[in-house]
Amino acid sequence: MVGEKALILGCSVSGLAAAEYLLKTGFNVYISDFGKLPEKYEAEVEQLKAKNVKFEFGGHTVDFMKNAGFAVTSPSIPNNAPVYEILRNLGIKVISELDLAYRYTENKNSFIGITGTNGKTTTTSAVSYLLSQKYNAPACGNIGKPPVSFILEKPDWFVTEVSSFQLEKSKEFRAHIACWTNFTPDHITWHGSLDAYFNAKAKMFLNQTRDDYAILNGQDKKLTEFAGKCPGKVFVFDKERDDNCSFIKNDALYIKIDGQEEEIIKLSECNLSGHHNYQNLMCAILISKLAGLTAELIRDGLRTFTPPEHRMEKFAQFNGITFFNDSKATNPESAIAAIDAFSNQNVALIAGGRDKLTSLDEFCKSINNHITSVVLIGEATERFDKALSDSGFKNIYKENSLQSAVDKCIALKPDAILLSPACASFDMFSGYEERGKVFKEYVLSKFSNK
C-alpha cells in the first residue's frame, strides 16, 4: 500500500532485499537491527538512506517500530527474541521474507519450494538449470538472492531453496511444488527439539492445497509416514511404486506419473556420482516434469549440469591422488552420503570442526566400511577420535590446521583425499565456503609448480 509503513527486522541479505522491493512499490521503509551495522552492508545502507529508508541499530525501540502495517523478520532472529513480544503488544503482524514474496507475487502457483537437511542446494541448482531451458526460473532463497528480489521480473518459476529457519517464521508462504529431500537431526539447539525442527519444515507441505504437489523421500520412513498428512498430490523419489514416483532401474533414472513409466537418462550420462546425488536428480526430474518440461529437455539438461561448489566437488588430480571438496557437509549425515560414494579405494578423509553433538554411530560405521585413514581437525577432534576408536577404527591422525591435514593426507599416498567435515566450520573459518576455498587453494598451490 502506497505510503504504508513497513518495518524490517534485521539488516541482512533478506532484509535489504525486502527494503529494495518495498521502496519500489511505494512503502515507507524502516529497518531495525539489534546489533551494529555490518561493515559489508555499509555502502548499501548509505544508498538506502539516500532514498529515505530509516534505520536504527543497537536495539529495537517502540518509537521506531510503532504504527507499522507489518514487520518482515530475518530468519536469523531467535524465536524467543524480546522484539516479538514488543511487536505483539503493538499489534504489528510479523511475516517472513518468504511470506512477503508470496503476498505480492501475482501468480501464486509460481513457487517451487525445496527443503531438507541435506541436498537442498544441489537439487535447487539442478531444477533452475533444467527449467531455464524453457522458462525464466531463477534459483533463489537460501541459495542466493531472496525471492522478493525477483518479484518485479515476474519469473515463470521461483525455484526456492527453503531453510527451516525461514519456514519457522512463515505463515502465508505456499509452494505449488514442494520437495523434501530428507530429514535427519540438525539445528536442534536453534529449534529447541527434533520435533520442532521437523514441524518447521512440514509447514510448507501442510500449507498446500489438493491442487499442489508434494515430493517426498521414499527411503525416509518419517517422511513416508508424513505423506498421509499432505493435502497435495504426493510423489515419492528413490522408490518405485505403481503411480507417481522417480527411481533407479537398469542403471538409469526413471519417472512414473499416473502409472506411465518413462526412462529419463542413464546414470553414466550424468556428471554427478554417489547415491545421494542421484536422489537429488530424482527430485529435480520430478519437479521439472511437473513444471512443464519434456523428458527430452530434462535429459539434455542433465547431460551438462554440474554440481555447485563445495558439494562432492572433484577439483584436482595430482600424483595419482584425486581431491574432493565436500566442505558443505556440515553434519554427519551429509558426510556419510559422500563417504558411501567410495568403494574399494584407499581414501583419506579430513573431518572435524565445530561439533553439532549429534550421534556419530552411523558416521563411524560408514568410515569403517569405506575409509582407510581419517585426519581430524578443529574443536570436534577429541569426541570424533573417541567415537572412531570405540568403533574399532585405527588409522586416526590429529592436526592443528586444514593445511597440515592436507599435508598428512598426501603423505599417506591414498587414491583419494576427501574433505567432508561432518561439522560446522565456525571454529576455524567464516563458513563452509571459506573452508572449501582454503582447501582447494592450498591443494592447488602445492602442485602448481610441479
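**Packing of helices in a predicted protein model**

Helices (H or I, at least four residues) and strands (E, at least two) are DSSP runs, numbered from the N terminus. The model is predicted, so local features need pLDDT of at least 70 and side-chain atom pairs count only at pLDDT 80 or more, whereas totals for chains, interfaces and linings use all residues. Residues are numbered from 1 along each chain as its sequence is written, and side-chain values use heavy atoms, with hydrogens and water left out.

Just after H16, Lys 413 adopts a positive phi of about 55°.

Two packed helices are described by the angle between their axes and the distance between the axes. For helix H6 (residues 120-131) and helix H11 (residues 275-290), the axes come within 9 Å and cross at roughly 40°. Here the axes are lines fitted to C-alpha atoms over the stretch in contact, and angles run from 0 to 180 degrees between N-to-C directions. H6 and H11 are therefore oblique to each other, since angles under 35 degrees count as roughly parallel, over 145 as roughly antiparallel, 65 to 115 as roughly perpendicular and the rest as oblique. From H6, the contact is made by Thr 122, Thr 123, Ala 126, Val 127, Leu 130 and Leu 131, and from H11 by Asn 277, Asn 280, Leu 281, Cys 283, Ala 284, Ile 287 and Ser 288.

Finally, the whole protein may be considered. It contains 17 helices and 20 strands. Its radius of gyration is 23 Å, close to the 22 Å that the globule rule gives for 450 residues, so the protein is as compact as a globular protein of that length; the radius is taken over C-alpha atoms, and the rule is 2.2 Å times the number of residues to the power 0.38. Of the 450 residues, 56% count as buried.

How values were computed:
Contact = heavy atoms within 4.5 Å. Buried < 20%, exposed > 50% of the residue type's maximum accessible area, 1.4 Å probe, protein only.
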